[in-house]
Amino acid sequence: MTIIQLLVNALTLGSIYALAAVGLVLVFKASDLINFGQGSLVMAGAYVGLVFLLSGMPLWAVLIVGPVAGGVMGYLLDLLIFRRLSKASAWVFVVASLGVGGLLHELANAIFQSNLHPFPPLLSTEPQQWLGIYFTAQNLWVPAATLGVVACLFLFFEYSKVGKAMQAVAQNRTGAQIVGINLRGILALTWAMSAGISTLAGLLVAPQVGISPEMELLGVKGFVAAALGGLNSLSGALIGGLLVAFIEGLTNTYVTTAFKDVIVFGILLAAMWIKPTGLFGSAMTKRV
Amino acid sequence: MSSRWGNKAWPWSVALVLLVGLILLPLGLPQFRLYMVTLALVYTIVAVGLNIVMGYAGQISIAHAAFMGVGAYTTALLMSLLHWHVLPSLLAAVVLVTLIGFLVGIPALRVRGHYLALATFAFQMIAETVIANWTGLTHGPNGVKVPTAVLGPWTLKELPLYYFVLLFAVATFLFSWNLLRSRLGRALIAVRDHEVAAQVMGVNLTWYKMLAFGISAAYAALAGGLFAITVSFLDPLAFTFWESIKHLIMVILGGLGTVVGPVIGAVLISSAPELLRGFREHSLLAYYAVLIVLLIFIPGGLLSGIRRLAGILAPAWIGKSGSAVNPTPANRVKRLLQGYARPASNETLLEVSNIAIHFGGIAALEGASFSVAPGQIKGLIGPNGAGKTTLFNVLTRVYQPSAGKLLFSGDDLLGVAPHNIVTLGISRTFQNVEMFSTMTVLENVLVGMHHTLHAGLLASGLSLPSQRREEREAMRRAREILEFLDLDGVAGAMASELPLGIQRAVALARALAANPVLLLLDEPASGLSHAEAGRLMANVRAIRDAGITVLLIEHDMRFVMGLCESITVLDRGEVICTGTPAEVSSNPRVVEAYLGKEEVSHAGD
């Protein structure tokens with residue numbers, strides 16, 4: 001297999017990792033905290049979409065309504081749990097996010113059992129060939145949608161008032177409050193956006209892997225992507241996601257299938273050794 | 001925490017009763033129950049170890065199931081493949097896992113923040129994958145059969161196994177109990193409570209976090225080995241990510257940062273399958289729900305809940321503050337401090353030359369230069385934002401200046417690691433006091449002594465006579481210092497709960513405990529009543545008379561002018577004037593920059 005073919009193959013998974021990483025980065029930027037339940041958000045989001053699909057909604061509508069409903073889930077998580085921890089020390093948040101991950105995992109297990117649910121692709125999965133490279137319409141649409149989302153995010157942060165308020169909160173919480181920014185509202189919106197984007201990630205990857213509680217592992221690789229790109233960099237998340245998927249593909253093809261996760265998470269460890277703040281990130285500041 | 005328990009005999013009698021109970025417990029138990037109890041002991045070891053890194057050093061590990069797994073498989077494979085004896089197998093597991101722990105932990109702990117959680121998370125995923133897929137060694141999902149261990153005349157099954165595990169559980173518990181009540185435990189709590197203050201007191205942050213993480217990894221490995229010989233069959237599912245979360249729940253449920261809490265948590269969670277039988281297959285759902293509810297309502301865990309209840313019924317230190325003014329005779333103070341102060345030999349003790357530091361384009365200090373002579377009380381004044389506190393932060397290596405030189409008794413301070421500044425003889429207080437908030441007054445002062453004490457890991461964990469002697473001596477000296485500053489009445493109170501005036505005195509006591517040559521005081525009189533400020537003045541003079549040089553920042557002009565022999569005035573990062581109080585207050589530049597229209601008539605007081 002050529003390197004270019006590997007790159008093309010990595011586009012779908014890479015997009016998913018990137019979106020999961022974007023969800024992580026959004027929360028990290030706003031609150032300086034790592035949401036260890038991120039993998040489960042991707043998984044839970046996919047189930048939310050599945051529920052709509054099973055109730056007879058057309059697929060294209062599921063892809064729009066699903067992320068919105070996922071956003072509501074994120075808002076509720078903030079309202080019921082994370083908001084109440086905002087004054088606690090950082091470890092409380094970290095453990096709570098792990099707990100939320102566990103809760104979502106067990107809920108999925110309890111409601112849907114551990115069965116694998118198939119999910120239809122939006123576009124054709126008929127392999128096409130162009131200059132000797134094989135691809136499907138579906139695995140072009142996924143990275144296109146991802147790029148679209150990230151582009152929208154850039155525009156949102158750059159040009160909208162709310163986006164700027166979010167940036168202000170990320171940079172200086174007290175300062176933002178002093179100039180009259182509604183901190184609670186911004187944090188709630190951050191959670192909603194993070195969960196909505198995670199849901200989209202889950203729904204985009206679902207046709208390829210099916211929906212099951214184990215889908216979390218895909219979301220979890222968003223950590224590797226985010227750590228590689230820098231926990232507070234959106235473009236880092238995008239590049240990190242593609243890089244992780246590409247390395248994973250390389251490992252899978254040339255080295256080992258069984259141990260590919262060792263390599264992927266080895267990247268995370270190596271990142272800690274070399275540059276804990278990631279390729280595009282800046283130093284983590286202490287929350288005082 | 002001896003002071004929190006009170007130095008009474010009852011904890012010992014409680015411990016004795018518990019121990020006898022644990023020894024007698026299995027005699028009436030059916031085999032299955034005995035197995036459950038043995039496993040609970042194994043989990044106690046993990047939880048106690050995890051608490052050292054999480055509850056004390058304040059760092060989160062998500063890899064304790066992986067550490068346990070590597071420990072379990074190492075023990076099992078050494079015993080089954082190489083036919084090793086159980087004891088060297090356990091030892092090898094502990095050594096291997098501790099090394100892995102260092103490899104995983106060091107890079108993440110160099111940086112401030114929750115990188116350890118990320119790194120351990122990565123290791124957990126790696127270990128899981130390796131255990132499940134290295135079929136040649138671990139047989140993957142088919143598992144490994146662990147040979148029955150034999151120790152002398154005993155086959156380690158059932159009752160002998162219980163006692164074998166109990167021995168380790170009690171030993172590891174006592175080790176951590178001793179450790180956490182020693183100077184090392186205090187240093188860990190200090191790091192958790194306030195990193196900068198801990199560093200200024202001489203605590204090497206990275207090293208202490210590493211130590212805590214290393215010990216906790218070793219505990220997990222030991223627990224893993226014992227787990228292997230208890231269950232006699234290893235399955236990769238016993239060491240997954242979710243198991244790591246279960247360990248976290250144990251520690252938090254019982255009470256993070258208490259020595260006994262994790263034991264309670266481990267026992268409760270390992271018996272949870274029994275307790276939660278009503279939930280059937282959804283028992284895990286209940287775990288996570290309980291965890292989240294706990295975090296929201298009592299993040300301190302069950303023990304803190306109980307303590308809070310007890311606190312409502314009997315407030316801890318009411319009526320103990322404000323001890324009678326009982327000035328220590330001057331000659332005694334002199335003896336108290338002189339015994340420890342090291343006289344400076346040079347003409348100038350501290351030479352600050354051309355120090356510059358910038359924060360994002362704004363210059364906080366721009367070529368500031370001045371010197372401090374030994375035996376002086378020197379004042380550092382200037383309007384807000386002049387760079388005074390920044391200068392203290394540069395002196396104690398909290399900030400790195402972009403240019404300039406710092407010489408202290410001939411030593412270049414900029415070549416010294418931040419936690420070693422205090423060993424050279426510079427200690428300080430902070431403008432915002434910065435108490436170690438979960439410690440008592442006495443413990444705060446003991447942390448101040450950190451660099452003067454030397455008990456190491458083994459001496460502390462085993463509570464060797466040398467360590468106990470050193471602790472007794474430290475305790476005696478800490479009490480003397482508290483007495484000198486009229487704080488003996490609040491020695492057992494939580495420092496952060498005291499009124500600001502008393503906290504300032506505690507901060508001074510903590511800085512004095514470090515046995516300084518040069519004492520840096522950042523706004524020591526701010527927020528003090530007139531009487532308190534007067535007493536502080538007398539105390540600072542007494543400290544100087546005992547041979548300690550004092551450099552202080554203060555806005556209270558009466559205080560500065562009345563106390564200092566020499567004053568340096570900073571304005572916008574530059575020294576604009578140095579001289580006696582009279583010279584400084586009549587200097588037109590000072591009047592213009594700082595005093596402005598303020599009256600300076602009392603300057604000569």
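Two strands are said to pair if DSSP finds at least two bridges between them, while the strands themselves (E, at least two residues) and the helices (H or I, at least four) are DSSP runs numbered from the N terminus. The model is predicted, so that local features need pLDDT of at least 70 and side-chain atom pairs count only at pLDDT 80 or more, whereas totals for chains, interfaces and linings use all residues. Residues are numbered from 1 along each chain as its sequence is written, and chains are lettered from A and ligands numbered from 1 in the order in which they are written.

In chain B, four strands form an open sheet in the order 6-5-8-9, with antiparallel pairing. Its edges are strand 6 (362-372) and strand 9 (411-412) of chain B, each of which pairs on one side only. Strand 9 of chain B is joined to strand 8 (residues 403-408) of chain B by two bridges in the antiparallel sense, and Asp411(B) in strand 9 is the bridge partner of Phe408(B).

Turning to where the chains meet, 36 residues of chain B are in contact (C-beta atoms, placed from the backbone, within 7 Å) with 35 residues of chain A. Helix 6 of chain B gives the most to the side of chain B that touches chain A, with twelve residues.

On the other chain, the buried residues of helix 11 of chain A (20 or more other C-beta atoms within 10 Å of their own) include Val264(A), Phe265(A) and Leu268(A). The buried residues of this helix pack against helix 9 (216-229) and helix 10 (234-255) of chain A, together with helix 5 (86-110) and helix 6 (115-133) of chain B.

Methods: Buried ≥ 20, exposed ≤ 12 C-beta atoms within 10 Å, placed from the backbone. Contact = placed C-beta atoms within 7 Å.
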